[in-house]
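Work through the exercises below with the sequence and the model in view. Try each task before reading its solution.

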Amino acid sequence: MEDLLIETLETFGYPIIRQGTLGPDDEYPEHFFTFWNNDSYDGSHYDDEDVSTICDYDVNFYSVEPDLVYTKLREAKKLLKGKRFIISGDGYDVASDEDTHTGRGMNVLYMKF
């Protein structure tokens, strides 16, 4: 599922980075997405077999332009929902390690059958 998540976010043309992998000496891109796989758990069961898996991700967008964290995350939500990702709400603020960047995130689920 990470491949589909990354492929969808790549259409924006911004870097996509696994959350927490930027090193202390790495320069932050001006605008970028991060993601983190929170969990993957069984969904439905039939005859003692799991028949679906729910993949749970956090997707964040960071930018030096505070307005972009809202607009790009909403655009990403629309694209991801079009790929059968399940997203509820309008996101939440996320901390940034850099004073120059603002972050916003959303929880994204995908059910594999």
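This is a predicted model: local features need pLDDT of at least 70, side-chain atom pairs count only at pLDDT 80 or more; totals for chains, interfaces and linings use all residues.

Residues are numbered from 1 along each chain as its sequence is written, and side-chain values use heavy atoms, without hydrogens and water.

**Exercise 1. Sheet and helices**

Task: List the elements of the chain, then describe the sheet and the helices on it.

Solution. Begin with the elements. Helices (H or I, at least four residues) and strands (E, at least two) are DSSP runs numbered from the N terminus. The chain has two helices and seven strands, and from the N terminus on they run α-β-β-β-β-β-α-β-β.

Next, take the pairing, for which DSSP must find at least two bridges between two strands. Five strands make an open, mixed sheet in the order 1-2-5-7-6. Strand 1 (16–18) and strand 6 (92–94) are its edges, each pairing on one side only. Strand 6 pairs with strand 7 (residues 102–112) in the antiparallel sense over three bridges; Y92 has G105 in strand 7 as its bridge partner.

Then place the helices. Contact means heavy atoms within 4.5 Å; axes are lines fitted to C-alpha atoms, for helices over the stretch in contact, with angles from 0 to 180 degrees between N-to-C directions. Helix 1 (residues 2–10) lies across strands 1, 2 (31–42), 5 (53–63) and 7, at about 160° to strand 2. Helix 2 (residues 66–82) packs on the sheet, touching strands 2, 5, 6 and 7, and its direction makes about 10° with that of strand 7.

**Exercise 2. Residue classes in a lining**

Task: How do the residues lining the largest pocket divide into nonpolar, polar and charged?

Solution. The lining then divides into seven nonpolar, six polar and four charged residues.

**Exercise 3. A ring pair**

Task: Classify the pair of F12 and F33.

Solution. Rings of Phe, Tyr and Trp (its six-membered ring) pair if their centres lie within 6.5 Å; planes under 30 degrees apart are stacked, over 60 edge-to-face, and the rest tilted. This rule gives seven aromatic pairs. The ring centres of F12 and F33 are 5.4 Å apart and the planes are at 50°, so the pair is tilted. Because F12 is in the loop between helix 1 and strand 1 and F33 in strand 2, the pair ties together parts 21 residues apart in sequence.

Note on methods:
Ala, Val, Leu, Ile, Met, Phe, Trp, Tyr, Cys and Pro count as nonpolar, Asp, Glu, Lys and Arg as charged, and the others, Gly among them, as polar.
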